[in-house]
Amino acid sequence: MRGLVVSLAFLVSAVHCMYGPGDDVVELTPSNFHKSVIDSNELWLVEFYAPWCGHCQALTPEWKKAASALKGVVKVGAVNADEHKGLGGQYGVQGFPTIKIFGADKFKPTDYQGQRNAQGIVDSALNTLTSMVKSRLSGGKSSGGGKSSGGSGDSKDVVELTDSNFEEKVLQSDDMWLVEFYAPWCGHCKNLAPHWASAASELKGKVKLGAVDATVHTVMANRYEIRGFPTIKFFPAGKKDPKGVEYDGGRTSGDIVRWALDKLAENIPAPEITELTSNAALKSACDDHQLCIVSVLPHILDCQSKCRNDYLNVLRRLGEKYKKQMWGWVWSEAGQQPELEQALDMGGFGWPALAAVNSRKMKFSLLKGSFSETGINEFLRDLSFGKGSTAPLKGSQLPTVKTVNPWDGKDGVLEVEEDIDLSDVDIDDKDEL
């Protein structure tokens, strides 16, 4: 029996670890991806796989064989994208296996289109390598590690920290902080700078990002025993550990944002699904969050309390699932807020309807799939990856929401005017009627 348990444990381990230390395939994770791939001058072929994927399992021996043949010439890596979903999502991975080629511009990998056998992989790698070398020879780009801006963030969103303000701004605050210790002459710090700025802009209002010039502010650098650059320290929300925690995520803006949101989500409650009974409710949901999810549910006479609560429970479950995004969530009854419905182009597909609004950019994205847990989840998942079509908000502003009475939680009752029995009315009164 013990032997059976050991065998089963070995099989489970083998399924989850498709590549081991004895293989020439480099196992890549969010903590080493940027340093190994993005910062390198080498050509990389990277497979994004899921351990349960039959096609991935079939590719594994060919991938190992190709890695051995290309050893010392081209780097071959693999990412368990089922475990590291954020890393896969960053590169648009939607199916398994997906193979990406990281060549001259590491920030713009290309999709591998060749055959899924060792010979095809090797041939494609050598062809790409030849093109890359010829490009360098003619004065082209030699490496992608640090040549891209990595985002359009505003460096003003990065808080400049010093020996004199670090204690007050970071350690005495209730906010969550990521702090970079850098040196102005450090190449890796220069590579990180645009990503740090982009992440700071994207996380604005959720997580604060700061930067310390460790060559000038040596008191803080010595306190945190900074020995290399850049070094990133994490300080959680609430009461702070004066020593800080080592950041172990990747170095792209996407890596930083996902890592921070994951940490943030560990302690934040699920959002409240608020009924739109006043303009203040809309402004709180939309102006104070990167996105607000606006749902319009059928009229209570068309969808009684059980039906409405079923819809609200779907929204609550999805609010819990996507709580790390820190979106605002609101709902109203069809017909109560016609100006809002018109601004979001709602009603064409009937009720219920749902849209995501970015009030800063005055754009929205309308759910065109089914208003179901699966349909909304797919819509929100695309939004979280920055996908999906958007349209400008009609009127270029959020309309004012009318003040209405909140739903009492009961079924709707059709109000009917009481019929008048004319037999009990005097003739003179009938004339007046």
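In the predicted model, strands β12 (residues 292-297) and β13 (residues 328-333) pair in the parallel sense, and six bridges connect them. Within this pairing, Cys292 has Gly328 of β13 as its bridge partner. Both strands belong to an open sheet of six strands with mixed pairing, arranged in the order β11-β13-β12-β14-β15-β16. The edges of this sheet are formed by β11 (273-275) and β16 (391-392), each of which pairs on one side only.

Helix α10 (residues 279-287) touches β11, β12 and β13, and its direction makes about 145° with that of β13. Helix α11 (residues 305-321) touches β11, β12, β13 and β14 (353-358); the angle between the direction of helix α11 and that of β13 is about 170°.

A further open sheet contains five strands in the order β6-β8-β7-β9-β10, again with mixed pairing. Its edge strands, β6 (159-161) and β10 (245-246), each pair on one side only. Strand β9 (residues 231-235) runs antiparallel to β10, and the two are joined by two bridges. In this pairing, the bridge partner of Lys233 is Glu246 of β10.

Helix α7 (residues 187-202) is in contact with β7 (177-182), β8 (208-213) and β9, and its direction makes about 160° with that of β7. Helix α9 (residues 253-265) likewise touches β7, β8 and β9, with an angle of about 140° between its direction and that of β7.

Key: Residues numbered from 1 in each chain as written. Predicted model: local features only at pLDDT ≥ 70, side-chain atom pairs only at ≥ 80, totals over all residues. Heavy atoms only, no water. Pairing = 2+ DSSP bridges. Helix = DSSP H or I, 4+ residues; strand = E, 2+ residues; numbered from the N terminus. Contact = heavy atoms within 4.5 Å. Axes fitted to C-alpha atoms, helices over the stretch in contact; angles between N-to-C directions.
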